[in-house]
Every structure is written in structure tokens, then in C-alpha cells.
Amino acid sequence: MAARLYYDDSYTCDFTAQVVERLAVDGHPALVLDGTYFYPASGGQPADSGTINGVPLMELRTREEDGAVLHVLAADIPDSTVNGQLDWSRRFDHMQHHTGQHILTQAFVQVAEAHTVGFHLSPDSVTIDLDKTNLTAEAVAQAEMVANQIVWNNLPVTARLVEEDGATGVRVRKKPGHLLTDGLRVIEIGGFDRTACGGTHVARTGEIGIIKVLKPERRGDKTRVEFRCGGRALVDYQQKNAVVNAVVAALTCKAEEIEPGVARLQEEVRSLTRSLKTATGQLLEYEAERLLPAAREDDSLRVVKHTYEGRDAGELKLLANRLTESPNVVVLLGTSGEKAQLVLARSADLTQDMNALIKQVLPLLGAARGGGQPALAQGGGVRASRLQIEAALDAAEMMLRA
Ligand SMILES: [Zn+2]
């Protein structure tokens with residue numbers, strides 16, 4: 001089996017190797033090298049990215065039969081001696097988060113006896129799943145503090161191979177599948193943690209920089225803990241700091257006053273919404289009183305027909321309800337705009353079917369949809385001009401009088 005050189009040295013990112021096998025993987029050329037520093041995806045850690053002789057790697061795959069690392073390439077390389085270069089910023093990010101995960105996992109064991117049952121690391125998120133749901137905010141904060149203390153203590157991180165039965169006291173979350181013959185690879189973080197793991201890690205905990213828990217979230221019978229280490233934690237802090245500065249400027253307050261400031265704004269909005277609702281109700285009443293006498297009276301039927309522009313459909317419905325409180329009234333209202341609406345209604349003493357009527361006129365507005373009750377129906381939702389709405393309401397009135 002070709003050597004996985006990153007086991008003993010996760011810092012080399014520029015190396016020379018011999019090609020020992022050439023093959024095709026899914027129609028792409030692939031190489032097996034006599035030794036590789038490229039890490040193939042495994043154990044929750046994504047694969048490295050990089051180039052071989054300047055040709056980008058498309059995928060790093062482990063061949064199940066013999067554990068060989070297949071370097072799948074975008075183009076063939078004829079040379080027998082090749083130069084591999086891996087993306088160091090991506091690798092170091094993985095090293096920081098993988099080592100940070102070991103520390104945070106052990107911290108949750110010590111603080112809350114919560115054990116890690118899952119680990120996820122991708123460009124967008126890093127999480128561990130704990131086998132407990134009743135974690136208090138204090139316990140989470142305490143675990144975070146323990147983890148960062150280990151970072152600041154700058155403990156050595158070492159890897160060694162042990163016989164499987166000699167691994168007593170070693171936490172094995174999931175046996176790394178590619179450790180076929182060598183026994184267990186155990187990662188030790190000072191005297192703090194021992195875990196079987198095949199991933200890449202920093203040499204000393206100080207390189208992690210910081211371990212920041214973003215939020216714990218209940219997932220069934222588990223708790224998902226999202227966290228960031230090192231560079232990603234810094235980016236996260238920069239983004240959140242920019243948000244805080246923007247909010248502070250908008251509210252003209254201090255950072256520690258944001259929470260009560262937002263609560264005050266929410267209360268103001270609630271109060272204003274109540275006032276607006278009352279005022280709108282009063283306005284609609286005046287509007288109804290003004291519209292009704294202007295209604296055309298014909299065969300004792302009073303028809304109120306009106307077209308608005310960009311008016312709220314809910315408001316039209318309220319207005320229609322108000323108008324049809326009087327007897328012998330038919331209301332034909334419409335509003336033009338991006339989401340045009342028709343509202344057809346009649347007083348309780350009349351018998352005309354507004355639901356049937358609206359289904360006859362809606363096709364005039366193209367793909368408009370709607371319906372309702374015999375006394376009130378509404379529909380629309382498509383873009384329509386004032387002229388189109390007026391034509392639809394005229395048609396409705398003609399059908400009504402037919
Ligand atoms: Zn690890």
C-alpha cells in the first residue's frame with residue numbers, strides 16, 4: 001500500500017513522488033503514487049485540493065480493495081516523477097477544525113458527560129452532534145472555556161499507532177476504515193484527550209487560535225453544536241462585528257443597547273399597527289359612506305363599481321363588507337398593478353352568485369385565479385392595467401344586469 005505521508009507530517013504541501021500505477025476513474029485519468037501528502041475525504045474531514053504537475057485534482061478517492069489513494073486528474077500526465085502541490089489554506093483550515101473538534105468533544109465529555117456521535121466539516125458549516133438534549137447555556141459556555149484553555153496551553157498534538165487491543169482508554173467514534181493493517185492511529189492532545197483518528201491535525205493546540213461555539217440546536221434526541229476555529233472564527237467575528245456596527249449606527253445606540261433598543265422598536269411597531277388598524281377601519285367607513293350615495297340605482301339594485309391602483313386586496317374586502325351591510329347593494333371593486341385583484345360582493349338580501357360571476361370575468365385577466373362564496377368572491381394575482389380591471393368590472397356589471 002502506498003504510504004500516506006500526511007500521517008506523520010501534515011505540514012508538507014509541496015512534494016515529489018513516483019507514479020506506481022495509472023488507471024481511469026469515471027473516464028478521467030488517475031494516478032497512484034509511491035507516497036502522497038494528499039488527504040482523501042474520510043471520517044468527516046473533506047479531501048484536500050491541489051495540483052499534480054500543475055494539473056488540477058478533480059477528486060481524491062480511496063480504493064476499497066487496498067486502501068490506495070487515487071489521484072483523479074483533469075488531464076493526463078505522462079511523467080513518471082511528479083510534483084504535488086496541495087492547497088495549504090484549505091488544508092490548514094481542516095487541521096484547525098479537526099483538532100478543534102477533538103478538543104471540543106473532550107470538553108463536552110468533561111463538562112456535561114455529553115458524547116460526540118457525529119462530526120460534519122464543510123466550507124459552510126462545522127458541527128458536532130452530542131448524545132444529549134438538556135445542555136444548559138452555562139454548560140455550553142463552560143465547555144467552550146475549557147476548550148479554549150487547552151488552545152492557550154499550546155499542548156503538543158501527537159499521532160502514534162497502537163495495537164487494537166492495546167487501545168484501552170482511547171475514544172473510538174468510528175474506526176477509520178482505511179487503517180487496514182496498521183492497527184489504530186491514536187491522536188493524543190497533551191494529557192487532555194486520546195482519540196483514534198485518521199485525519200490531519202495541527203502540531204500544537206495554539207495553532208487553532210480560538211474555538212468558538214456559535215449555537216447549540218436540538219435535533220431529535222441529540223444536540224447539534226455549530227462551531228468555528230481559527231481563521232473561520234475570525235471571519236465570523238469580522239462579519240458579525242460589521243453587522244453590530246451597522247445596527248449601532250442605525251439605532252444610534254451602543255452595542256450593549258441593541259437588545260433593549262430592538263425590543264422597544266418592536267413594541268412601537270405593535271402599537272402603531274394597532275393605531276393604523278383603527279384608523280384604516282374609520283377611513284373605510286368614511287369611504288363607504290361616500291361611495292354608497294354615488295352608486296347607480298337601477299331596478300332597486302345599487303351597484304358600487306370602482307377601480308383603484310395598487311391597493312391592498314384585504315382593504316378592498318373590508319370596504320366591500322362595509323358597503324354590503326346596507327341592503328340591495330352589489331359591490332364590484334378592483335385594483336390594478338403587479339398583483340391585480342377583483343372583489344365582488346352583494347348584500348345578504350340579494351341572491352346573485354358572486355362566486356359564479358367572478359369565474360366568468362376572471363378569464364378576462366388571463367391566468368387570474370380565484371373564487372369564494374355566493375355573497376363575496378375575490379380573485380386575481382396577475383399583472384393587470386387599470387383599463388383591464390375596468391373592462392372586467394364592466395363585464396361583471398353587464399352579466400349582473402342581463
Ligand atoms: Zn482527528
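**Helix contacts, sheet and domains**

Biologist: Which residues in H6 meet which residues in H7?

Modeller: Leu357, Gln360 and Val361 in H6 meet Ala392, Ala395, Ala396, Met399 and Leu400 in H7; a contact means C-beta atoms, placed from the backbone, within 7 Å. By class, 7 of these residues are nonpolar, 1 is polar and none is charged (Ala, Val, Leu, Ile, Met, Phe, Trp, Tyr, Cys and Pro are nonpolar, Asp, Glu, Lys and Arg charged, the others, Gly among them, polar). This is a predicted model, where local features need pLDDT of at least 70 and side-chain atom pairs 80 or more, while totals for chains, interfaces and linings use all residues. Residue numbers start from 1 along each chain as its sequence is written.

Biologist: At what angle do H6 and H7 pack?

Modeller: Helix H6 (residues 354-361) and helix H7 (residues 386-401) pack at about 130°, their axes 10 Å apart. Axes are lines fitted to C-alpha atoms, for helices over the stretch in contact, and angles between N-to-C directions run from 0 to 180 degrees. H6 and H7 are therefore oblique to each other (under 35 degrees is roughly parallel, over 145 roughly antiparallel, 65 to 115 roughly perpendicular, the rest oblique).

Biologist: How do H4 and H5 cross?

Modeller: The axes of helix H4 (residues 258-291) and helix H5 (residues 313-323) come within 9 Å and cross at roughly 55°. That makes H4 oblique to H5. Thr280, Leu284, Glu285, Glu287, Ala288 and Leu291 of H4 make the contact with Glu315, Leu318, Leu319, Arg322 and Leu323 of H5. Here the count is 6 nonpolar, 1 polar and 4 charged.

Biologist: In what order do the strands of the open sheet lie?

Modeller: Helices (H or I, at least four residues) and strands (E, at least two) are DSSP runs, numbered from the N terminus, and strands pair if DSSP finds at least two bridges between them. The 4 strands here follow the order S9-S10-S15-S14, with antiparallel pairing. At the edges, S9 (116-121) and S14 (211-219) each pair on one side only. The twist averages 20° from one strand to the next. Helix H3 (residues 230-251) packs on the sheet, touching S14 and S15, and its direction makes about 90° with that of S15. Inside the sheet, 4 bridges join S10 (residues 126-130) to S15 (residues 222-229), and Asp129 stands opposite Arg224 in S15.

Biologist: Which domains does the assignment give?

Modeller: An automatic or database assignment sets the bounds: domain 1 (3-86), domain 2 (91-245) and domain 3 (281-401). The C-alpha centres of domain 2 and domain 3 lie 63 Å apart.

Terms used. Two residues are in contact if their C-beta atoms, placed from the backbone, lie within 7 Å.
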